[in-house]
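Open the model in your viewer and keep the selection panel at hand. We will go from stop to stop, with a note on what to pick and what you will find there.

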Amino acid sequence: ACEEDAVNTESTPAEKAEEKPVFDKELFKRSILYNVMNMYRKNLEEATPQQIFQAASYSIKDRVIGNWMNTQKAYEKEDPKMVYYMSMEFLMGRALGNNMINLEAYQGAKEVLEELGLDINVIEDQEPDAALGNGGLGRLAACFLDSLATLGYPAYGCGIRYRYGMFKQEIRDGFQVEVPDNWLAEGNPFELRRPEYAKVVKFGGHVSVRCDENGRNHFVQEGYQAVRAIPYDLPIVGYGNGIVNTLRIWDAESMGGFQLDSFDKGDYSKAVEQENLARNLVDVLYPNDNHYAGKELRLKQQYFFISASVQEAVEKYMRKHDDIHRFPEKVTFQLNDTHPTVAIPELMRILLDEYNLGWDEAWDITTRTCAYTNHTIMAEALEKWPIDLFSRLLPRIYQIVEEINRRFVQQIEEKYAHVYNVNVQEKIRKMAILYDGQVKMAHMAIVAGYSVNGVARLHTEILKSEELRDFYEMFPERFNNKTNGITQRRFLLHGNPLLAQWVTEKVGDSWITDLPQISGLKKLADDAEAQKEFMEIKYQNKLRLAKYIKEHNDIEVDPNSIFDVQVKRLHEYKRQLMNILHVMHLYNELKAHPDMEFFPRTFIFGAKAAAGYRNAKLTIKLINTVADVVNNDASIKGKIKVVFIENYNVSNAEIIFAAADVSEQISTASKEASGTGNMKFMLNGAITLGTLDGANVEIVEEVGRENAFIFGLSSNEVIHFENNGGYDPMQIFNTDADIRKVVNQLIDGTYSADKELFRPLYNSLLNTLSTNRADTYFILKDFKSYAEAQKKVEAAYRDRSGWAKSAILNVACSGKFTSDRTIQQYVDEIWHLDKVTLQQNG
Ligand code: B1N
């Protein structure tokens, strides 16, 4: 169809309106050749793959631009309500392949490149990932943008254009080394610089009160440092619908020279400081996942992009409307965790100080505009800014936070003063926004938002009954659940073309925008022919990953072995340590019983550790050390291989998910808010080996417990131990010889001549530190049941047909976990947006 001309002279006007524009291959070919010549003064034969990638990207951008203009014009005309998805992180990955997919141009583009003697994969591999995020939270934001555009909802992503994204991980001598990610070095073909929408953001100084002729007080910030925020727009292409939304990321530029306040004229050092501020502000993404570091520059980054984004949202609204009171009818802000929470006092500031509204009016608008998503219950991730830092950096914002807090504390007093059995001071201590010299961002987000949501059913229930219990008691109507999802366009259609093609042959292609249709595969789960085809596709994908591993790690892996995969950020609560201890245990067993029944297994890990997280980095070293020993021990005949994939990121993730047999989702129950990798594995036909944590609970509910391997403590049991004590890992260590053996191997020289190297990991399992219980994450407690579940995995895999059936059912039951469903629920239950449809014209 792609080769046909777009014009069909026989279609009626009615048909024409329905018709989709066809990808014009000849035009694309000419455009690439033209771009290579125009940009590099080269013929195709002379151009490098990077140059061809650039040329092809500009050709695709040409096709996007018209749709982008149409979409924005339609929004202008129809004036729909918009969501601003505010996030410190957007883990976009590569754009070229994704844009070709969503333009339904991928197959045509692939053919054109082939005709030019080029491999589309090689061209796509030239593109650096846009890694403006750490892990699940940032990737979720990227999937949401894809779904919003595909469903036709008016949306902006608002974020930061970090000059360096998530660091590139290199493994040297088994240790992680962080290498700067200079992702903009060759330019970013799809972005547009929009200097006409620049904003000024002010930091520091002090607030003066000026009384006007009407006796009204005005608050003005003086003696501040200012930075210019310059937006860059990235197109977010909807699938096959002509919609293109915008991700707006802000760069910081200096105000230039001596453009200081009249107040500060002639202050040379202040001018230099101002220059430096602009230079450092957006330099780098903080590489912490599920952890709050409390750095001043991080708070500056937060206020920087929020102030610019909120200013723009208000200005954009006022360009079309005259009544600021109706702002919430046209605008909603979704706060991706507490990182963008200064949007609340910033909106209040604009309404109070620039629109001269009274407090109650401003508060009414703000609380009808802002909604908050919580992504974690990990205590170390809670943002609590020291008041002295916060008030020094954001003096006017701090005043507003004080007033929000004063009124909220009053509300607590009014509600509980006369309630039997309630200690009001205790409530205030637990709930106030300002307490103990800290600004508690989650409390502000809950108090000032109209919606608070968790990201999986279990997570939301734990928020309501534990972490946010007092707030749930006070504002029950605000709490709701939105179970996460992922986009099948990237993680199946693009990442696993063989399986995507197979699914389409079996059930048609409606799954691409309506994933529940994939349940049509259920009827094939028992079909021997379908099982064979499925296993052959899995095998081909395992070959593809094996080739990647050979090229990148120089390790040979057996594509007939079970590919057992754990890829995600490295965290103690995610328990990569339990996984590798179990590998050590299997290795001990094989050494002790060389002839035991054992199905060959490849244990694949991929994980970045936060740069300052000692035990996480040490776990990477342990995995690589075990890999060295096990992979090179001829006596076990290659039955176990351990592979640590360097630099796990969005683009290699696509290859990894497609090749997985077993999906390791083994967090301590209650700790993983949702997880989204679990969904990507399921969609690609891997079987979950996991605890009943996060969205695993819902995955098992969809596919059936018999099609997963569930083990370990329940979240209730974990919470019970945490609240009441009663868990002693030393007792397990003393009574279980298998466990004692692997734990001792951490410090007895089996894996490292330096016996002290892994001592901190050993200590984390057994030594009671002053503040913490030993084995905080119940690794020893769950080890036995994990090992038993692993035995069941092996037995199940020996039954090839049974395995294929379960794997197919996983694919077939993954419909719930599309981010299209998640976004539709946000729209229906929180944002209340209307769809915009376009007349498509070429
Ligand atoms: O958000 C994901 C969830 O699927 C994961 O379970 C959850 O761990 C993840 C501070 C975070 N929660 N909190 C963060 C990231 C960066 C940072 O600076 C916290 N990430 C998650 C999507 O809901």
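Helices and strands on this tour are DSSP runs, helices (H or I) of at least four residues and strands (E) of at least two, numbered from the N terminus. Keep in mind that this is a predicted model.

**Stop 1**

Select Asn 647, which sits in the loop joining strand E22 (640–644) to helix H24 (650–659). Its phi is positive, about 55 degrees, although Asn 647 is not a glycine. Is Asn 647 buried or exposed? It counts as buried, because 20 C-beta neighbours lie inside 10 Å, and the cut-off for buried is 20 or more.

Next, pick Ser 670, in the loop between E23 and H25. Ser 670 is not a glycine either, yet has a positive phi of about 95 degrees. With 24 C-beta neighbours inside 10 Å, Ser 670 counts as buried.

**Stop 2: Lys 680**

Move along to helix H25 (residues 677–683) and highlight Lys 680, which is found there. The unreviewed UniProt entry places the feature "modified residue: N6-(pyridoxal phosphate)lysine" at Lys 680. Lys 680 counts as buried because it has 30 C-beta neighbours inside 10 Å. Which residues is Lys 680 in contact with, once neighbours within four places in sequence are left aside? Show Ile 486, Phe 491 and Phe 657 to see them.

**Stop 3: the ligand and the domains**

Colour the protein by domain: domain 1 (1–78 + 98–122), domain 2 (79–94 + 129–484) and domain 3 (495–716 + 775–817). Taken over C-alpha atoms, the centres of domain 1 and domain 3 are 37 Å apart.

Now show the ligand and the 19 residues around it; those that come nearest are Gly 136, Leu 137, His 375, Thr 376 and Ser 674. The shell is made of five nonpolar, 11 polar and three charged residues.

**Stop 4: helix H26**

Select helix H26 (residues 696–703) and show its buried residues, Asn 696, Val 697, Ile 699 and Val 703. Look down the axis of H26: these buried residues fall within an arc of 165 degrees, so they line one face of the helix. After H26 comes Gly 704, with a positive phi near 95 degrees.

**Stop 5**

Go to helix H12 (residues 359–369), whose buried residues are Ala 362, Ile 365, Thr 366 and Thr 369. Their arc around the axis is only 95 degrees, so they are on the same side of H12. An α-helix has 3.6 residues a turn, so residues three or four places apart point the same way. Around the buried residues of H12, display helix H10 (327–330), strand E13 (331–336), helix H11 (343–354) and strand E14 (370–373), which they pack against.

Within H11, pick Met 348. Met 348 is buried, with 25 other C-beta atoms within 10 Å. Residues up to four places away in sequence not counted, Met 348 touches Ala 362, Thr 366 and Ile 400. Draw a distance from Met 348 to Gly 358, 10 residues away in sequence, and you will get 10.0 Å, C-alpha to C-alpha.

**Stop 6: two partly exposed residues**

Select Ile 65 in helix H3 (residues 49–78). Ile 65 has 14 other C-beta atoms within 10 Å, so it is partly exposed.

Then find Tyr 762 in helix H30 (residues 759–766). Tyr 762 is partly exposed, with 17 other C-beta atoms within 10 Å. Which residues does Tyr 762 touch, not counting those up to four places away in sequence? They are Val 743, Leu 746 and Ile 747.

**Last stop: an annotated stretch**

Finish with residues 518–545, which the unreviewed UniProt entry annotates as "coiled-coil region". In the model this stretch is 64% helix and 0% strand, and its end C-alpha atoms are 25 Å apart.

Conventions:
Residues numbered from 1 in each chain as written. Predicted model: local features only at pLDDT ≥ 70, side-chain atom pairs only at ≥ 80, totals over all residues. Near = placed C-beta within 6 Å. Nonpolar A, V, L, I, M, F, W, Y, C, P; charged D, E, K, R; others polar. UniProt positions renumbered as here; feature names shortened; annotations may be inferred. Buried ≥ 20, exposed ≤ 12 C-beta atoms within 10 Å, placed from the backbone. Contact = placed C-beta atoms within 7 Å. Arc of directions from axis to C-beta. Domains from an automatic or database assignment.
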